[in-house]
Amino acid sequence: MATFHPREWRYARREFLQRGAAGAFALSSMGTLLAACGGGGNGEFKPPELLLARPDNPVTHPLFDDNPLIASGLEPESGTLRIYNWNGYLWPRAMKNFGKEYGVKVELTTFSTMDEAIAKISSGAVDFDVFFPTPDRMSRLVVGKLLQPLNHDYLPNLAKTVWPSVQDPFYDKGSRYTVPYTIYTTGIGYRADKVTTTPDKLSNPYDIYWDESLKGKMFLLDDGREAPVHMLFRNGITDVNTENPDHLELAKNELKSLIDAVNVKLSTDDYSHVPEGRAWVHQMWSGSAVSAPSYLPEGTGTEVLGYWFPSDGRGSIGNDTIAIPRAAKNPVLAHYFLNYLLDEKHGYDNFANYVGYQPPFVTLDPDRLVTDEIVPANLKSAVVRESDFDTGYFQLELTPEGQTLWQVAWAEFKAGG
Amino acid sequence: MTAAAATAETRRALPAARRFRDWWSNPWGKPRFLVFFTLVYLVWSIVPILIAIRFSFNEGRSRSTAQGWSFRWYTEDPDLSVLHDPDLSAALLQSLRLAALAVAITVPLGVALAIGLTRWRGRAASTSRFVSLVPLVTPEIVMGVALLLVFVHVLSFIPLGTPAQAIGHVTFSLAFVLIIVRSRLLSIGPEYEEAAQDLGASPLQALRLALLPLLTPAIVASAIIVFAISMDDFVVSAFLSSGTTTDTVPVRIYSTGRTSPTPALNALATVTLAITLVIAALAFGLWRFVRAARGQTGSAIEEFARVETDPTR
Amino acid sequence: MAKPERRLGGRRREALWAALALPGIVWLALFFVVPFYVILGVAFGTVDPTFQTPRPTWNPLDWNTQAFDFVIDGLVSRGGVFRHVFLRTLVYVAISVVLSLAIAYPVAYFVARFGGRWKGLLLLGLIAPFFISYLMRMLAWINLLQDDGWVNDVLLWIGILDAPRNWLDGRASSVILGMVYGYVPFMILPLYAFLDRIDRSLLDAARDLGASPLQAFRLVTLPLSVPAILAGCVIIALPMFGDYYTPDLLSGSPKTSLVGNQINLYIRGGQQIPVGAALVIVLMLLLAFLLAYYVFATARAQRRLSG
């Protein structure tokens, strides 16, 4: 054990540089090696034509010869059904029951962002049987041949249970590649017992976000489309798929002003923050409002919760879909699963017992849900009506440049201003 | 009787109050400020953990007010306890799985690397020594990003999840094993192997019979370190996870901690801590035993502290 | 009669050492060195137009500097996005390191110099945090800093506060406190190890020459500890620069967003992966000096031992 003498402090800088240089040389020669490895080239690539669906511009996605439908009348496979979904978005017992009914194992893998999910599927590294994409990636998924077209012979429940307008939606006419899963709105959730005013009482409802009395208790959704959209609404811009740089600049500045005004925070746990009092106002998805009562502390009634959405239905609306990846190993079984979720009883159970986000079923209406005590009366506005599908503003697919615009604005806001 | 022993004996004979007063007024004795400071530090360091552990035994849902004592969040609650909540128990198993894999791969690999790099001469050797220390000081997010990109774009036959995470754990733990074992090697010196070879052993035999036994303390210490690091790892495990099924305990704590979780999260953390401590204690006990068997004296803890942290030893 | 020292060398033996080291070297090359090049490839690569997934470019001659330019521009220009994030990170890390040093040094010094009979127990207390997951320690603090947590309770009881204060709503102080709490143990042990090795006789000599304890400390111990202090600061500063989970856990606000948060956002949250990769490169370049210092000092010290 050597003791330390004060004088020992010398640099051999040259030697260090030499060693570093040797390392750098090794690194650069790796370039040639990796190119040979074939880990992604940079050859000429012509981008395929993307069909950007809009409510007034419905899209019928093309079918490809090399991506055919499966044949009708086949027996379901007996392998493990692999589902790829958001976290907390599918009732575990629904999966178990399906597994029991068909004698198969059901496995769930989750993702936390759509980009992550698409990257994984497009890399070919995984093969899921069921996938839950959002319509704003539809064209890309179809053109990239990541989804297989659906054979409706296996999906009788689609015509039976689902709202007519959603059976044949503008983003996927003929439901060629997807069936709808849930439908939701994005409104403003709040603690009625803590706020000084509510959105419906303000001339501009979205002004509530700037209410100084909410300092430290104001949350927006940690989502790069949802949060800016409410900023656009506040300024009367209803094109939620705008690619106008000025609009995004405006949205970004509005978001930044919230940092100083109310110390805004971001989260996607609206369903628990509001009932637990951590947030007094939270930009909220309607499904979270439905789940929120179960997170209230003991002794607090549901009357403290509130959810606001424009009564004329002119607010942010969205839906999630179910699709079958092209590389699915059990496509017939996957079709059966889709049909299972579209079944009136199973879909309702899934929603009422766990997910909170409602399926667009004909038999579901706000009043029935209140009487069934799924939704308390003061949260009735969280139930989505079929008319909302026609009046609401959908966040849909953007061009690559548009997507970059939104992303950069969001990242700038998140950098703290 | 030595002077020190005499002083000590006199000291013990005096009443406690007098001893305290002497200590208080002796400028070359233990400085009072430092004593208090260190005690305050230890309290500040450990007490929050104890409080978190206390709340894991809560009867109710709160994580900030004491609400009785129960094992509810460990085993009793049929949906949310660590035993029954599939997310939580899966995280615990995943952490243990990865830690076991990490130790099993890193220790042999690292010991071989250390021996090879120490004895080997030449430009390639010194470059390798240099490069192998860089993971130690690379911010984890850099490693996480690098490995994620590699596994998704280059080595895509290695799936994300356990394989990728295990590889990541091994990669950043290797440097620790290297440093610990190499330091020990350097202080052992080549004499023992030379003696063995003088007696007719081949270099490989000399390695196995003369050197490895001497290295055992360092090997055990590095195994403990690798285990602890792997259980603790967050960034690499998070980046290379394939979804909730391959989340480790720290990742689970991160995902759930920002919301309003139940004390089950505290319970999960406590169980993880308990397992890590038990294994570390067992390994440490083993190390002490080995040291004693070899006739090494002195405080085992002190040596462990030095081995673990001082690469310049 | 001294026997000439025989090196454990010879060509066959050289091969043995090389063979032993080879698996480890191959591993590191494959899973550490190559990934760095992959980062370069992605940062200077292109993006698939359909899915916005990165398409790495391996040949340096074909490198596309768009993402890198974007980052540099954000760093250098006056209102640049990345500029104030990097500055904020630098400030937080600097403050955290200084605070950590202020805590670590006295504790390490005490245990090394005055530990005495209690040394084993004290060391146990210092080593313990190594075995407690960083996340668990942060979790403990979230519990305490909540609105109804003990910190507020204690401060209210003492009377410093009139009403519970929201510590988790985006304060720099909470984040810095978290970082200090999390990283201080990593500084104490190396400092302890070093201070423990300082030759006691030097201090005794100073004392014999009439120095007061304070003078002995100032003139002997402190100058000797400088390399250890520097090393300790670097050990904790480097991981701090990549930290993104501490601000995420202890503050949900963009106000305390650090470089790690931006990297995380670009890599995992969006389709701007090349920008994320470019950010990583810039971060590494800025940290290169710290990195090199530490690696070099370690290697040199080990070389000194091998004599």
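Mentor: A salt bridge is a side-chain nitrogen of Lys or Arg within 4 Å of a carboxyl oxygen of Asp or Glu, and we shall apply that rule to this predicted model.

Trainee: How many salt bridges are counted between chain B and chain C?

Mentor: The count between chain B and chain C is zero salt bridges, although six residue pairs there are in polar contact, both residues at pLDDT 80 or more. On the side of chain B that touches chain C, helix H3 (residues 32-56) of chain B gives the most, with 15 residues.

Trainee: What makes A:Arg82 and A:Glu107 a salt bridge?

Mentor: Their side chains come to 3.3 Å, N to O, and because the limit is within 4 Å, the pair qualifies. A:Arg82 lies in strand E1 (residues 81-86) of chain A and A:Glu107 in strand E2 (residues 106-111) of chain A, so the pair ties together parts that are 25 residues apart in sequence.

Trainee: Why is A:Glu254 called buried?

Mentor: A:Glu254 has a relative accessible area of 11%, and buried means under 20%, so A:Glu254 counts as buried. Its salt-bridge partner A:Arg234, with the closest N and O atoms 3.1 Å apart, has 24% and is therefore partly exposed.

Trainee: How do you know that C:Trp157 is exposed?

Mentor: Exposed means over 50%, and C:Trp157 has 75% relative accessibility, so C:Trp157 counts as exposed.

Note on methods. Residues numbered from 1 in each chain as written. Chains lettered and ligands numbered in written order. Predicted model: local features only at pLDDT ≥ 70, side-chain atom pairs only at ≥ 80, totals over all residues. Heavy atoms only, no water. Buried < 20%, exposed > 50% of the residue type's maximum accessible area, 1.4 Å probe, protein only. Polar contact = N/O pair within 3.5 Å; in protein donor to acceptor, adjacent residues only side chain to side chain. Helix = DSSP H or I, 4+ residues; strand = E, 2+ residues; numbered from the N terminus.
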